[in-house]
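This briefing is meant for a reader who is meeting the structure for the first time. Please look over the sequence and the model below, and then follow the points topic by topic.

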Amino acid sequence: MDSCLMIWSMKPQMRAYRFVGHKDAVMCVQFSPSGHLVASGSRDKTVRLWIPSLKGESTVFKAHTATVRSVSFSSDGQSIVTASDDKTVKVWTVHRQKFLFSLSQHINWVRCARFSPDGRLIVSSSDDKTVKLWDKTSRECIHSFCEHAGFVNHVDFHPSGTCIAAAGTDSTVKLWDVRMNRLLQHYQVHSSVVNSLSFHPSGNYLVTASNDSTLKILDLLEGRLLYTLHGHQGPATCVAFSRSGDLFASGGSDEQVMVWKTNFDADYGDALKTQKSCSTVDGSHHTGQSEMDSGIHHKKTKTQDSGRNHEQQEVEASLANTLEHIMGQLDVLTQTVSILEQRLTLTEDKLKECLENQQKIIQNKTN
């Protein structure tokens, strides 16, 4: 692995940034909530805070004594939490750029650490097979979840802050209620180690990445597997939703970073768009659901007779949702086929190159 940090622009024809500073492999990276800063952790035992610009300036944070596996901002962007092979979780201040305190009850490498949405709690996962919940103010461990049968690679808070999800080497994904400290859901959908997971901003879906080379989309409301996505050749090592939820990105040991379009929760995106529109027009506040419903109703009134009854409208809305869901599935299949075609072309090129080299060797021997 190289020691560089790469930042790509989603706009066409925009160059990528390559930041150099770490002395060993970069293990983790995250944008601040504002997008104005980037934090990274490395095998060189340091955390760096970057300004994503052409200069690529960074500030070095030193306190860990081993590889830094995880780095994450608080929701207000004022703090950073890190996890390390030195068996500690550390909290840092962004503004003053200094180390604040350490949490030290894990007895093996700490793989991941995250703040709760309100910043009051911290959750961490470790090779000691536990997930620990910490009170940030008292700096005490308030609960340990011990249901995993292997190392726990990744953990994160649900957007509501009421539950957490964790993934591990036992090939499972588990969700716990942090108010009652009880197991809510258990998924065994992968055939190998689960390396990473990410909640959709709506809180209704979870995406996971595994050594079995697949990504899985879980429907948390119905408690079932929704999609299996193929694309990586080899282990899928990380995955994350964008802040808006309309995209997610995955990385793998095949040295590929893939960006996927989200199409399984169109209603959430419509609700956000409607919310922005309503706030601009009249400044009033409504719930996402009521705005989404009113937006759909407004659109229908332009094309439907006033005499059409409510029951017919519900049937048409149901059919529209079903068709939209089918189109979404077709879109995912199309993307997957496109990726497979690219892989096949690369394989054919490699095979052709090998055959040409073999012919040259044979010719050299005969001469």
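Val257 is exposed, with a relative accessible area of 52%, where exposed stands for over 50%, buried for under 20% and partly exposed for what lies in between, with a 1.4 Å probe and protein chains only. This is a predicted model, in which local features need pLDDT of at least 70 and side-chain atom pairs count only at pLDDT 80 or more, while totals for chains, interfaces and linings use all residues. Residues are numbered from 1 along each chain as its sequence is written, and side-chain values use heavy atoms, with hydrogens and water left out.

**Surface around Val257**

- Val257 belongs to strand E25, which covers residues 257-261; helices (H or I, at least four residues) and strands (E, at least two) are DSSP runs numbered from the N terminus.
- Together with Met6 and Trp8, Val257 forms a nonpolar surface patch whose accessible area is about 320 Å² in all.
- Such patches are made of residues with over 30% relative accessible area and no salt bridge, like charges being joined within 9 Å and nonpolar side chains (Val, Leu, Ile, Met, Phe, Trp, Tyr) within 5 Å.
- Accessible areas come from the Shrake-Rupley method with a 1.4 Å probe, and for residues only the protein chains shown count as cover.

**The protein as a whole**

- The protein has 3 helices and 25 strands, and buried residues make up 43% of its 367 residues.
- Of the contacts (heavy atoms within 4.5 Å) with a separation of 6 or more, 39% are between residues 24 or more positions apart.

**Confidence**

- The average pLDDT, which is the predictor's confidence in each residue on a scale from 0 to 100, is 84 for the protein, and 82% of the residues score at least 70.
- Over residues 274-307 the pLDDT stays under 50, and the model has 19 contacts beyond four places in sequence for this stretch.
- Where pLDDT is low, the predicted coordinates should not be read in detail.

**Salt bridges**

- The whole structure holds 5 salt bridges, each defined as a side-chain nitrogen of Lys or Arg within 4 Å of a carboxyl oxygen of Asp or Glu.
- One of them joins the side chains of Arg69 and Asp85 at 2.8 Å, N to O; this pair links distant parts of the chain, 16 residues apart, with Arg69 in strand E7 (residues 68-73) and Asp85 in the loop between strand E8 (79-84) and strand E9 (89-93).
- Asp85 is buried, having a relative accessible area of 10%.
- Another salt bridge connects Arg111 with Asp127, whose closest N and O atoms are 2.8 Å apart; because Arg111 lies in strand E11 (residues 110-115) and Asp127 in the loop between strand E12 (121-126) and strand E13 (131-135), the pair ties together parts that are 16 residues apart in sequence.
- Asp127 counts as buried, at 6% relative accessibility.
- The side chains of Arg224 and Glu222 also meet in a salt bridge, at 2.6 Å from N to O; here Arg224 is partly exposed at 35% relative accessibility, whereas Glu222 is exposed with a relative accessible area of 53%.

**Ser74 and its surroundings**

- Ser74 lies in the loop between E7 and E8 and counts as buried, at 5% relative accessibility.
- The side chains of Ser74 and Asp76 are joined by a polar contact of 2.5 Å, and the side chain of Ser74 also reaches the backbone nitrogen of Gln78 at 3.4 Å.
- A polar contact is a pair of N or O atoms within 3.5 Å; within protein, one must be able to donate a hydrogen and the other to accept it, and residues adjacent in sequence count only if both atoms are side-chain atoms.
- When its neighbours within four places in sequence are left aside, Ser74 is in contact with Pro33, Ser79 and Phe115.

**Leu226**

- Leu226 is in strand E22 (residues 224-230) and is buried, with a relative accessible area of 15%.
- Leu226 and Phe264, 38 residues apart in sequence, are 8.9 Å apart in space from C-alpha to C-alpha.

**Positive phi angles**

- Gln97, a residue other than glycine, has a positive phi near 55°; Gln97 sits in the loop between E9 and strand E10 (98-103) and is partly exposed, at 38% relative accessible area.
- Ser171, which is not a glycine, has a positive phi of about 70°; Ser171 is placed in the loop between strand E16 (163-168) and strand E17 (173-177) and counts as buried at 12% relative accessibility.
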